[in-house]
Amino acid sequence: MHWRNLRCVLMACWPYVLIALVLHASLLARSARSAEAAEPEAIRVGLARACITPENPLWLHGYASPPRFRPSEGKLNDLFAKALALEDAQGERAVLITLDLCVLRPAEAQALFELLCRKTGLERRQVLVNLSHTHSGPIIGSSDLDRYPMSEADRQATLAYTARLFDQLSDLAIAALADLRPATLAWGTGKCQFVRNRRLFHADGRYRGMGPNPAGPVDDRVPVLCIASPEGALRAVVFGLSCHPVTLHEDNLKISGDYAGFAQQAIEVQHPGVQAMFVQGCGADANSDPRCGPEQEKNVRLQGESLAAEVCRVAAQPLAPIGGPLDIRFREVDLPLQPVPSREELAHMTGAMEHNGSRMLAALERGEPLPTHHRHPVALWRFGKDLTLVALSGEVVSGYVPLLHQALGDDRLWVAGYSNEVDGYLPDARIVAEGGYETRGLVADIGFYSADAETTLVNAVIDLAR
Ligand SMILES: [Zn+2]
């Protein structure tokens with residue numbers, strides 16, 4: 001082509017070349033923006049921890065049986081309270097506190113949450129407590145003291161420990177909020193081998209009693225949430241399991257976090273400087289296996305180490321990134337209780353049912369009205385579209401995990417029990433129909449859950465998630 005002709009062609013085409021260049025640049029900008037959008041929205045994280053091992057011997061919570069009718073003797077490992085504070089880009093905040101303790105009854109929970117909110121300035125919905133349910137930690141507060149034949153001095157020691165613990169926990173929440181700094185979050189799921197269903201049945205289907213039932217349902221998932229610095233240095237691992245920490249039996253008087261305490265300890269030994277936090281799941285109908293007996297101290301360590309190994313294995317894999325915004329919700333749901341049985345039925349209740357039976361009968365004889373519902377706190381924390389944590393109260397059976405996965409239609413779900421407060425067992429409708437230990441109902445308050453509690457609770461969680 002002659003130079004003059006080429007110049008004519010270029011002169012004619014230049015507006016199209018310009019348009020193509022502009023289009024290309026805008027496409028590049030858009031793809032850069034979508035890469036930014038794919039990055040999880042930033043969440044800042046703060047951490048704090050405190051050793052809460054009693055300085056002096058205290059009565060232990062768990063079993064409430066004669067071998068335990070005396071103060072603790074020494075310790076197998078220390079107990080800890082650990083706090084995780086979160087803040088998203090919009091300034092929404094939340095604090096999770098995990099405790100190596102057995103239960104927190106409604107009266108004590110109310111006092112604790114009032115203190116936490118007053119000291120931190122957070123709203124009730126923004127504070128969540130989970131108890132590991134170790135059966136080798138001290139009794140908390142006064143709600144359970146009438147079940148133990150304690151001396152006045154021992155009662156006062158328990159109440160003094162509780163008051164000091166609550167102060168420690170509010171200091172811990174404040175310290176975690178003061179530690180907020182940029183972080184990256186990611187999660188994955190593992191599996192645990194020592195979780196065993198504990199409900200045994202006769203050949204004709206009648207409930208037989210408590211013992212390892214390998215054929216029974218369990219939730220053996222191990223959710224693992226890793227928190228690292230922006231440079232990738234691991235700062236904390238929050239992990240869960242749905243299983244009673246009862247490897248140490250009633251003849252053990254040494255303070256211990258049971259398998260959950262040993263698991264946290266083993267992770268922290270393997271990753272110095274990292275805070276490992278245990279969240280109890282829906283482990284009301286599952287026990288650690290093996291448990292009790294002359295090998296219990298060896299077994300509890302081995303179980304802790306095997307759970308820690310699984311957590312570390314998951315943490316070393318590629319994990320799903322977690323981002324904001326945080327959506328922190330809380331609701332109290334009235335769960336229906338069974339109609340009050342006749343006085344004759346109440347008088348003849350035995351075994352695990354006797355506790356409620358005798359108190360209901362006494363209340364009727366005093367002319368007091370019996371409750372028809374029990375108020376059940378539920379927390380729901382959403383991390384953008386990446387993860388939803390549903391935290392139920394009480395000793396929740398494993399059947400609620402598939403129920404909630406189905407109800408929320410979401411596999412990015414972590415279901416915890418033993419949160420906010422723990423007052424007795426929460427069975428699903430199937431277990432209410434089958435009967436047995438997990439239908440024994442409330443412990444500090446009065447009543448047996450109705451089979452309808454399942455639908456009421458699941459619907460309330462669906463509504464809360466909307
Ligand atoms: Zn329990």
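In this predicted model, strand 7 and strand 11 (residues 221-228) pair in the antiparallel sense over eight bridges. At this pairing, Lys191 stands opposite Arg221 in strand 11.

Strand 7 covers residues 181-191 and also pairs with strand 1 (residues 43-51), again in the antiparallel sense, over three bridges. Ile43 has Ala183 in strand 7 as its bridge partner. A further pairing is with strand 15 (residues 320-322), which runs antiparallel to strand 7 and is joined to strand 7 by three bridges. Here Leu185 has Ile322 in strand 15 as its bridge partner. In a regular strand the side chains alternate between the two faces of the sheet. The pairings of strand 7 are set out below.

| Partner of strand 7 | Sense | Bridges | Residue pair |
|---|---|---|---|
| Strand 15 (residues 320-322) | antiparallel | three bridges | Leu185 and Ile322 |

The domain assignment divides the chain into domain 1 (43-326) and domain 2 (338-365). Taken over C-alpha atoms, the centres of domain 1 and domain 2 are separated by 32 Å.

Two helix contacts can be described in turn. Helix 4 (residues 258-270) and helix 5 (residues 296-316) have axes that come within 7 Å and cross at roughly 50°. Helix 4 and helix 5 are therefore oblique to each other, and helix 4 passes helix 5 in a right-handed crossing. On the helix 4 side, the contact is made by Asp258, Tyr259, Gly261, Phe262, Ala263, Gln265, Ala266, Ile267 and Gln270. These meet Val300, Arg301, Gln303, Gly304, Glu305, Leu307, Ala308, Val311 and Cys312 in helix 5. By class, the contact of helix 4 with helix 5 has 10 nonpolar, five polar and three charged residues.

The other contact is between helix 8 (residues 400-408) and helix 10 (residues 453-465), which pack at an angle of about 40° with their axes 10 Å apart. That angle makes helix 8 oblique to helix 10. Helix 8 passes helix 10 in a right-handed crossing. Helix 8 contributes Leu403, Leu404, Ala407 and Leu408 to the contact, while helix 10 contributes Val458, Val461, Ile462 and Ala465. By class, the contact of helix 8 with helix 10 has eight nonpolar residues, no polar residues and no charged residues.

Notes. Residues are numbered from 1 along each chain as its sequence is written. This is a predicted model: local features need pLDDT of at least 70, side-chain atom pairs count only at pLDDT 80 or more; totals for chains, interfaces and linings use all residues. Axes are lines fitted to C-alpha atoms, for helices over the stretch in contact, and angles run from 0 to 180 degrees between N-to-C directions. Helices (H or I, at least four residues) and strands (E, at least two) are DSSP runs, numbered from the N terminus. Angles under 35 degrees count as roughly parallel, over 145 as roughly antiparallel, 65 to 115 as roughly perpendicular and the rest as oblique. A crossing is left-handed if the near helix is turned anticlockwise from the far one by less than a right angle, and right-handed if clockwise. Two residues are in contact if their C-beta atoms, placed from the backbone, lie within 7 Å. Ala, Val, Leu, Ile, Met, Phe, Trp, Tyr, Cys and Pro count as nonpolar, Asp, Glu, Lys and Arg as charged, and the others, Gly among them, as polar. Two strands pair if DSSP finds at least two bridges between them. Domain bounds come from an automatic or database domain assignment.
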